[in-house]
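Hi,

Here is the structure I promised to pass on. Have a look at it first, and then read on for what turned up.

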Amino acid sequence: QVNPFPLIINIDAEQMRHHPFLYVSEPGNMDISDEQAQLLREYMLNGGFVLVDDFWGGDEWRDFSSTLKRIWPDREPVDLKPDHPIFHCVFDLAEPPQVHSNVYWAHKHKGARNTTSNEIRPDAAQPIFRAVHDDRGRMVMLICLNNDMGDGWEKEQSDPWYFSNVSEKHAYPLGINIVFYALTH
């Protein structure tokens with residue numbers, strides 16, 4: 001049973017145990033305590049999955065990597081190659097897609113000016129998918145750097161062009177693959 005409405009929960013063992021899949025958006029400035037880091041680690045080691053999305057470039061990666069080290073002091077994320085099953089399990093994606101926000105597309109394709117989107121920076125030009133695995137090799141965390149799948153999932157009503165050219169072609173297929181892979185492997 002899938003709830004179609006987003007639910008915001010705290011990093012709390014009792015709340016998290018009811019949800020096998022957590023989505024973290026804009027983690028660049030994520031600040032968690034050692035206790036919260038341990039709760040997230042235990043959640044994933046006990047079968048939970050965390051998807052991290054919507055952050056861009058080296059500066060935001062460096063900020064998030066310190067949080068990641070608190071969660072996983074003994075593990076390093078591994079970069080996924082284009083042939084990884086997560087990109088092919090339901091939809092066969094020719095290459096790992098980059099899902100830009102609607103702000104970026106308004107700037108690039110519609111001539112909008114004065115955008116301060118982080119996506120325009122040179123170090124955000126390529127999508128990077130990194131995974132953390134448990135001791136059995138199960139992926140427990142997927143980190144999507146230089147991507148904003150959340151925008152691709154939520155902009156259906158606000159921008160028909162973005163929806164048909166970005167959401168339907170990239171964000172939905174990638175998201176479906178991730179959920180399917182996370183809940184079946």
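**Around Met44**

Leaving out its neighbours within four places in sequence, Met44 is in contact with Val50, Ile71, Trp72, Arg138, Val140 and Met141; contact here means heavy atoms within 4.5 Å. Before going further: this is a predicted model, where local features need pLDDT of at least 70, side-chain atom pairs count only at pLDDT 80 or more, and totals for chains, interfaces and linings use all residues. Residues are numbered from 1 along each chain as its sequence is written, and side-chain values use heavy atoms, with hydrogens and water left out.

Back to Met44. Of the 22 residues in the largest nonpolar core, Met44 and Met141 touch the most other members. A nonpolar core is a set of buried Ala, Val, Leu, Ile, Met, Phe, Trp, Tyr and Cys residues joined through side-chain atoms within 4.5 Å. Buried means under 20% relative accessible area, exposed means over 50%, and partly exposed is in between (1.4 Å probe, protein chains only). At least two residues of this core come from each of α2 (34-45), β2, α3 and β5, and α2 gives the largest share, five residues. Another core lies apart from it, with 20 residues, among them Leu80, Ile86, Ala131 and Met139. In soluble globular proteins, nonpolar side chains tend to be buried together.

**The overall layout**

The protein chain has six helices and five strands. These are DSSP runs numbered from the N terminus: helices are H or I with at least four residues, strands are E with at least two. Starting at the N terminus, the order of elements is α-β-α-β-α-β-α-β-β-α-α.

The five strands make an open sheet in the order β1-β2-β5-β4-β3, with mixed pairing. Its edge strands are β1 (21-25) and β3, each pairing on one side only. Two strands count as paired if DSSP finds at least two bridges between them. Strand β2 (residues 49-55) pairs with strand β5 (residues 139-145) in the parallel sense, over four bridges, and Val50 has Met141 as its bridge partner in β5. Both of those residues are also on the list of Met44's contacts.

Helix α3 (residues 57-71) lies across β2, β4 (128-133) and β5, and runs at about 160° to β5. For that angle, axes are lines fitted to C-alpha atoms (for helices, over the stretch in contact), and angles run from 0 to 180 degrees between N-to-C directions.

As for the chain as a whole, buried residues make up 45% of its 185 residues. Among contacts between residues at least 6 apart in sequence, 71% join residues at least 24 apart.

Most residues other than glycine have a negative phi. Glu26, in the loop between β1 and α2, has a positive phi of about 55° although it is not a glycine. Asn146, in the loop between β5 and α5 (149-154), also has a positive phi, near 65°. Which of them is buried and which exposed? Glu26 counts as exposed because its relative accessible area is 59%, whereas Asn146 is buried, at 1%.

Then there is His100, in the loop between β3 (78-79) and α4 (102-109). Its relative accessibility is 7%, so His100 counts as buried. The side chains of His100 and Gln98 are joined by a polar contact of 3.2 Å. A polar contact is a pair of N or O atoms within 3.5 Å; within protein, one must be able to donate a hydrogen and the other to accept it, and residues adjacent in sequence count only if both atoms are side-chain atoms.

Cheers
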